[in-house]
Amino acid sequence: MAGEESHGQIRRKAAMAVLAHSKVTDIAGHLSRIELPVHEDLREPENGLVMVRGRVGGDGAPFNLGEATVSRAAVRLSSGEVGFGYTLGRDREKARLIALCDAMVQSAEFGAAIEAQVVAPLRAAMIERRNRKAAETAATRVDFYTLVRGEG
Amino acid sequence: MTTVAGLPAGFADKVLSAQSTFRSVMDAMARPGSIQRIASTAGTPATMMRGTAAIALTLFDHDTPIWLDSRMSATPDVGKWLKFHTSAPVVVDASIASFALVGDPENLPVLDRFAFGSNEYPDRSTTLILQVESLSAGPVVELQGPGIDGTAALRASIQPRDLFERLAINATLFPRGIDVVLVNDDSIVAIPRTTRLVRRG
């Protein structure tokens, strides 16, 4: 049971990692191809601030770096699954859609469809975007090296 | 997860519902003894009336410690619901509570247990939210004070029976004191600390 639960959490985490980095229009576009279950907003989408903390030198004493805007929402399906959505920025609709996806990922009925038709294509697009960015950056890379100077 | 799955929802439209509820509470406080309606709807835990839930969603936040009476804290539902939707801390010590939710006003503890505020900060007092039997039937009480033109008659069956006698301490404590909001379903009546009982009908 514990193993099964952690497996479910891994899936939710993986889905959340993709959804949080996707555009709201893309999520909505992919979701529109699936027949959505009946659901209600357990927590209306809302904006807030979270304190971002850093560590001096990467591993030293923690300090407050600054505040970041986040949006969050909670959605409950009629079958009882509750999904949570958190995302940076003020896009409330995105937080709601992420929460809806999170709830559907947990449901036995919709889990597979969400994985195949929403998360997978978004993940592919995200990896493609990252690779392109990395390639663009790599193209401008400069290697510095010092020639041995002849002394005397 | 199973705990959150059973929670009643919050306001369907957070901003407008909170604004209209705030307006109702403000009008009730400004016109003591008058009955105000709370139009907004929200999911409510089993022991909470609609008005109580709407007031909680509107006025409670992480800065307002909440005290629950034995009826409200009989099941963890109310505490969990408050925590999820309002992030308000639920406290055992009534003397530091900003609000007290009372589902069984018959057994209301003595008022000394709640916060009266200080002379410098009279606002740091506990506001009692009492769920009463009826705000339309029962004996008549006549009230007087700021916000009332002459006297206001309130027909209600309020527990505890000696509520107004107990609230007489407000006269001696002023500016400290206790404000009360009576709730029945979606009707509310406020008895702020300046309101005095004139006579019982």
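This is a predicted model: local features need pLDDT of at least 70, side-chain atom pairs count only at pLDDT 80 or more; totals for chains, interfaces and linings use all residues.
Two residues are in contact if their C-beta atoms, placed from the backbone, lie within 7 Å.

View 1. Among contacts in chain A between residues at least 6 apart in sequence, 54% join residues at least 24 apart. The secondary structure of this chain consists of four helices and three strands, which follow one another along the sequence in the pattern α-α-β-β-β-α-α. Chain A has a radius of gyration of 21 Å, well over the 15 Å that the globule rule gives for 152 residues, so the chain is more spread out than a compact globule. Taken along the principal axes, the box filled by the C-alpha atoms of chain A is roughly 85 × 35 × 35 Å, and 27% of the 152 residues of the chain count as buried.

**View 2. The packing of helix 3 against helix 4 in chain A.** Helix 3 (residues 92–106) and helix 4 (residues 111–139) of chain A pack with their axes 6 Å apart and at an angle of about 125°, and the two helices of chain A are therefore oblique to each other. On the side of helix 3 of chain A the contact is made by A:C101, A:M104, A:V105 and A:Q106, and on the side of helix 4 of chain A by A:G111, A:I114, A:E115 and A:V118. Sorted by class, the residues in this contact are five nonpolar, two polar and one charged.

**View 3. A:I10 in helix 1 of chain A.** A:I10 belongs to helix 1 of chain A, which covers residues 2–20. Because A:I10 has 10 C-beta neighbours inside 10 Å, and a residue with 12 or fewer counts as exposed, A:I10 is placed in the exposed class. A:I10 and A:L97 are separated by 87 residues in sequence and, from C-alpha to C-alpha, by 19 Å in space.

**View 4. The contact between chain A and chain B.** Nine residues from chain A and eight residues from chain B take part in the contact. On the side of chain A that touches chain B, strand 1 (residues 39–55) of chain A gives the most, with six residues. The residues on this side of chain A divide by class into six charged, two nonpolar and one polar.

**View 5. Chain B as a whole.** Chain B has six helices and 10 strands, and its C-alpha trace spans about 55 × 30 × 30 Å along its principal axes. The radius of gyration of chain B is 16 Å, which agrees with the value near 17 Å that a compact globule of 201 residues would have. Of the 201 residues of chain B, 41% count as buried, and among contacts in this chain between residues at least 6 apart in sequence, 70% join residues at least 24 apart.

**View 6. Helix 3 of chain B and its surroundings.** Helix 3 of chain B, which runs over residues 50–59, is mostly covered, with eight of its 10 residues buried. The buried residues of this helix are B:G51, B:T52, B:A53, B:A54, B:I55, B:A56, B:L57 and B:T58. They pack against elements of chain B that include helix 2 (14–30), helix 4 (77–86), strand 4 (99–102) and strand 5 (127–131).

**View 7. The largest nonpolar core.** This core holds 77 residues, of which A:C101, B:I66, B:A100, B:I129, B:V181, B:L182 and B:I188 touch the most other members. Helix 3 of chain A gives the most to the core, with nine residues. Leaving aside neighbours within four places in sequence, B:L182 is in contact with residues including B:L130, B:V132, B:A156 and B:I188.

How values were computed: Residues are numbered from 1 along each chain as its sequence is written. Chains are lettered from A and ligands numbered from 1 in the order in which they are written. A residue is buried if 20 or more other C-beta atoms lie within 10 Å of its own, exposed if 12 or fewer, and partly exposed in between; C-beta atoms are placed from the backbone. Axes are lines fitted to C-alpha atoms, for helices over the stretch in contact, and angles run from 0 to 180 degrees between N-to-C directions. Angles under 35 degrees count as roughly parallel, over 145 as roughly antiparallel, 65 to 115 as roughly perpendicular and the rest as oblique. Ala, Val, Leu, Ile, Met, Phe, Trp, Tyr, Cys and Pro count as nonpolar, Asp, Glu, Lys and Arg as charged, and the others, Gly among them, as polar. The radius of gyration is taken over C-alpha atoms; the globule rule is 2.2 Å times the number of residues to the power 0.38. A nonpolar core is a set of buried Ala, Val, Leu, Ile, Met, Phe, Trp, Tyr and Cys residues joined through C-beta atoms within 7 Å.
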